[in-house]
Structures are given as structure tokens and as C-alpha cells.
Amino acid sequence: PMDTAAGYRMPSELERPQVALERAIEGPQFAQERAKLKELKARHDALPAERARRLQKLVDQLRQWQLDNYLDGFRIANAQLPGIGRAKIATLSAYGIDTADDVVESRILAIPGFGPATTAKLMTWRREHERKFRFDPARGVPPSEVAKVERDITIERNRLESEVAVGLIRLKQQHRLADARRRQPHAEAEI
């Protein structure tokens, strides 16, 4: 049962009186801190699964990365496309469209002065290069991408462990205060 006014769990009749007394003395902050630590531990325990999920996602994206890198090697400035001269190449470049990988229909159509005819020429040129692409599964995930995942997981692990350490210190402090409160009635009784 919850005492909603105080925000902490009321002891049940089945609990030993000592446990009920400890909960009452420790108070809701102690219970909240303990719950927060449990949640941090659960997130820490889930990191290996998160790492595996992210590494699998890298494997799943491998074909797209290879295609992107392949298309990135074909510069529009070197393409000699009819009707696309230096001025249009400069405009495309100003909008971040320099290679076949950058050629996306919606991006080109959003550029002032670029209509369906010019866009179609660029899209045809890109598709020609896409057809020549050959996926090589043996190349694997780039080590730099694996390193990013490992770094992110390590940073998160360190952050969680730091939060747990601070939380444990607070929990111990609260426990010491509660312990001192428990002893206080005994000291008064001896006087």
C-alpha cells in the first residue's frame, strides 16, 4: 500500500516491526535513492545487449555504406553532363551536392533554377554508377565505425558507474543518519 500524501510505501502488517521501524526512520528519500540505483544497475546491465544491437545495425548498414563510399568517388564536376556547366556545378556545390552520392531528387528540386529536366539528368547519371556498384561483404564494417560504438558504450558505462558510485555514497550517508536516529531513542532511555 502507498501513502500518497507522504509518497512512500506503508509497511504491511506482515512485516516485522523492526523492518517497519527502519523504513519509517530511513524515509522516502532512502527508498527513492535505492530505486534510482536499481534503475541505473538495470541500464548498466543492459549495455552488452545495446552494444550487440548497435554492432548488428552496423552490419545491416554495410551495403549502404559501401554504396555511399563508391558513389562519393564520382564528382559532378568531372561528369561532363550535357546542360550542366560550371555555373550549375557551382550552384550544386553551394548546396552541398558535389558527388553522385549527394544526388537526391528532392534536394536538387529544392534548389532555385533546377527543374525536372536537370534533375532527371543528374538522377540518370547517379543510377548508371549505382548499377556498376558491387557489394563486397568481405570488406566488413569499417573499424572506425566499430570504434565509435565501443567508445559510446564505454562512455555510457563510465557515466552510469559514476552515478552509481555517487548514489551509493548518498545511500550510505542516509543509512548512517537513519542509524543515528535509531540509536537516539536508546540513548534517551538510558538517561
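Tutor: F133 has a relative accessibility of 6% and counts as buried, where buried means under 20% relative accessible area, exposed over 50% and partly exposed in between, with a 1.4 Å probe and protein chains only. This is a predicted model, in which local features need pLDDT of at least 70, side-chain atom pairs count only at pLDDT 80 or more, and totals for chains, interfaces and linings use all residues. Residues are numbered from 1 along each chain as its sequence is written, and side-chain values use heavy atoms, with hydrogens and water left out.

Student: How many aromatic pairs does the structure hold?

Tutor: Rings of Phe, Tyr and Trp (its six-membered ring) pair if their centres lie within 6.5 Å; planes under 30 degrees apart count as stacked, over 60 as edge-to-face and the rest as tilted. Under that rule, the number of aromatic pairs in the structure is two.

Student: What kind of aromatic pair do Y70 and F74 form?

Tutor: Y70 is partly exposed at 26% relative accessible area, and F74 is partly exposed at 24%. Their ring centres are 5.1 Å apart, and with 70 degrees between the planes the pair is edge-to-face.

Student: What kind of aromatic pair do Y70 and F133 form?

Tutor: The centres of these two rings are 5.6 Å apart. With 50 degrees between the planes, the pair of Y70 and F133 is tilted.

Student: How many residues apart in sequence are the parts that the pair of Y70 and F133 ties together?

Tutor: Helices (H or I, at least four residues) and strands (E, at least two) are DSSP runs, numbered from the N terminus. Y70 lies in helix α3 (residues 62-72), whereas F133 lies in the loop between α6 (116-132) and α7 (143-190). The pair therefore ties together parts whose separation in sequence is 63 residues.

Student: Which backbone oxygen does the side chain of Q66 reach?

Tutor: Q66 is found in helix α3 and, at 3% relative accessibility, counts as buried. Leaving aside neighbours within four places in sequence, Q66 is in contact (heavy atoms within 4.5 Å) with F133, R134, F135, D136 and R139. At 2.8 Å, the side chain of Q66 reaches the backbone oxygen of D136.

Student: Which residues is L122 in contact with, leaving aside its neighbours within four places in sequence?

Tutor: L122 is one of the residues with the most contacts inside the largest core. With those neighbours left aside, its contacts are I76, L81, I84, L92, V103 and I108.

Student: What pattern does the chain follow along the sequence?

Tutor: The chain has seven helices and two strands. Read along the sequence, they follow the pattern β-β-α-α-α-α-α-α-α.

Technical notes: Polar contact = N/O pair within 3.5 Å; in protein donor to acceptor, adjacent residues only side chain to side chain. Core = buried A, V, L, I, M, F, W, Y, C linked by side-chain atoms within 4.5 Å.
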